[in-house]
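Please keep the sequence and the structure at hand while reading.

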Amino acid sequence: MTKKKEQRSNKWAFLIYQDSAPENYLDILEELHIPYVLSPWHDKDVNKSTGEIKKAHKHGALFFETLKSYSQVSDLLKDKLNSPAHVEVVMSPKGMYDYFTHAENPDKSPYNIDDIESGCGFELDKFIAEQATDEFLNDIIDLIEEKHITEFEDLVKYARENNYLLLSLIIDKTYFFARFIDSKRFKARQEKIDQEKGKETEEEDETDGK
């Protein structure tokens with residue numbers, strides 16, 4: 001009987017529990033020199049069967065440079081982090097992000113993206129911006145409206161100084177935001193011209209009526 005070939009991937013998801021993981025789990029992950037990302041502590045999840053709060057845990061993912069087998073990753077994490085043996089291939093970074101924060105599941109307790117942890121070269125800002133595109137698009141449009149931004153340069157400067165997470169999305173969508181700001185500026189200018197014409201017409205009517 002031939003042994004079943006193990007699945008191999010360079011992106012693996014895992015789980016650690018707060019009551020069994022080493023307190024210095026971040027130091028241990030840093031020492032592995034493998035890019036990683038961890039969810040906030042999920043300490044408000046409810047077991048649907050019992051109605052009880054589940055044990056506090058973190059969902060995590062490792063991003064290897066080369067393909068690794070299930071057993072390689074499982075053994076590594078059990079040894080270093082005392083994690084459950086089961087690991088899974090990351091099929092969708094977007095799905096992983098949503099699961100980290102419950103962003104797409106209003107029935108579950110939401111978790112703060114600011115509590116996501118990462119290291120060893122994992123580009124967290126870029127990852128979050130890519131996964132939460134719709135949310136950040138709305139945030140940037142609201143920002144342009146509320147701050148009355150009329151120049152693309154001012155938008156970039158504001159993002160750099162106040163919300164760096166938005167900057168990569170602004171750069172990625174430069175054409176859209178530049179056109180949106182241009183359109184707002186043109187509309188404001190046109191409204192001003194129309195108002196001035198309206199005043200001139202009113203003044204002419206008043207003069208003719210005398």
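Which residues are buried in helix H3 (residues 93-101)? In this predicted model, the buried residues of helix H3 are Met96, Tyr97, Asp98, Phe100 and Thr101. Just after H3, the backbone of His102 adopts a positive phi of about 60°.

Positive phi values also occur at His33, which is not a glycine, and at Asn82, which is not a glycine either. His33 sits in the loop that links helix H1 (25-32) to strand E2 (36-38), while Asn82 belongs to the loop that runs between helix H2 (70-81) and strand E4 (88-89). His33 is classed as exposed because its relative accessibility of 66% is over 50%. Asn82, with a relative accessible area of 46%, is partly exposed.

| Residue | Phi |
|---|---|
| His33 | positive, about 60° |
| Asn82 | positive, about 55° |
| His102 | positive, about 60° |

A further loop residue is Thr150, placed between helix H5 (133-146) and helix H6 (152-162). Its relative accessibility is 36%, so Thr150 counts as partly exposed. When residues up to four places away in sequence are left aside, Thr150 touches Ile181 and Arg185. Thr150 and Phe186, although 36 residues apart in sequence, have their C-alpha atoms 9.5 Å apart in space.

Conventions:
Residues are numbered from 1 along each chain as its sequence is written. This is a predicted model: local features need pLDDT of at least 70, side-chain atom pairs count only at pLDDT 80 or more; totals for chains, interfaces and linings use all residues. Side-chain values use heavy atoms; hydrogens and water are left out. Helices (H or I, at least four residues) and strands (E, at least two) are DSSP runs, numbered from the N terminus. Buried means under 20% relative accessible area, exposed over 50%, partly exposed in between (1.4 Å probe, protein chains only). Contact means heavy atoms within 4.5 Å.
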